[in-house]
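I opened this model to look up a few contacts and the packing around them. My entries follow.

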Amino acid sequence: MDSFWDFLWLLIWSYIFVAYLILLFHIFGDLFRDRDLGGFAKALWTIGLIFFPFLIVLIYLIVRGKGMAERQMVAARQAQADTDRYIKSVAGSSSSAADQIASAKALLDNGSINQAEFDQLKAKALA
């Protein structure tokens, strides 16, 4: 690089190239996430993206941009629901204090725990 301006142009084109790659990955992700689009149409979009990348990216954003945002929101909601379901399953059931005391009483009657442990579980349930 001979001058500052050559370096500046290199930075600008590098930024444009990285932005294009990110956009391309989002389009491929959206393309294969869409369940309504058939396999033949997915193949055509993929071939178009390989041979005419800049033109097809613009066409894809114009034609399918709105659906792209909707599919992204659906995927985010599904991921949030899966996360919430997992957290609830790991945290255990949020039973009431009466249910916890009844369960502890059953353990006491069964002989699995002693009176001190029952009192401790009862205090914890009431806290």
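I started with R64, which touches D30, D34, L37, W45 and R71, leaving out residues up to four places away in sequence; contact here means heavy atoms within 4.5 Å. The model is predicted, so I kept in mind that local features need pLDDT of at least 70, that side-chain atom pairs count only at pLDDT 80 or more, and that totals for chains, interfaces and linings use all residues. Residues are numbered from 1 along each chain as its sequence is written, and side-chain values use heavy atoms, with hydrogens and water left out.

I found R64 in helix α3 (helices are DSSP runs of H or I, at least four residues, numbered from the N terminus). R64 counts as buried because its relative accessibility is 14%, the cut-off being under 20% relative accessible area with a 1.4 Å probe, protein chains only.

Next I looked up where α2 meets α3. W45, G48, L49, I50 and F51 in α2 meet P53, I56, V57, I59, Y60 and R64 in α3. The residues of this contact divide into nine nonpolar, one polar and one charged (Ala, Val, Leu, Ile, Met, Phe, Trp, Tyr, Cys and Pro count as nonpolar, Asp, Glu, Lys and Arg as charged, the others, Gly among them, as polar).

Last, I checked I27. Leaving out residues up to four places away in sequence, I27 touches L49, V57, Y60, L61 and M68. I27 is one of the 11 residues of the largest nonpolar core, a core being buried Ala, Val, Leu, Ile, Met, Phe, Trp, Tyr and Cys residues joined through side-chain atoms within 4.5 Å.

Notes: Helix = DSSP H or I, 4+ residues; strand = E, 2+ residues; numbered from the N terminus. Buried < 20%, exposed > 50% of the residue type's maximum accessible area, 1.4 Å probe, protein only.
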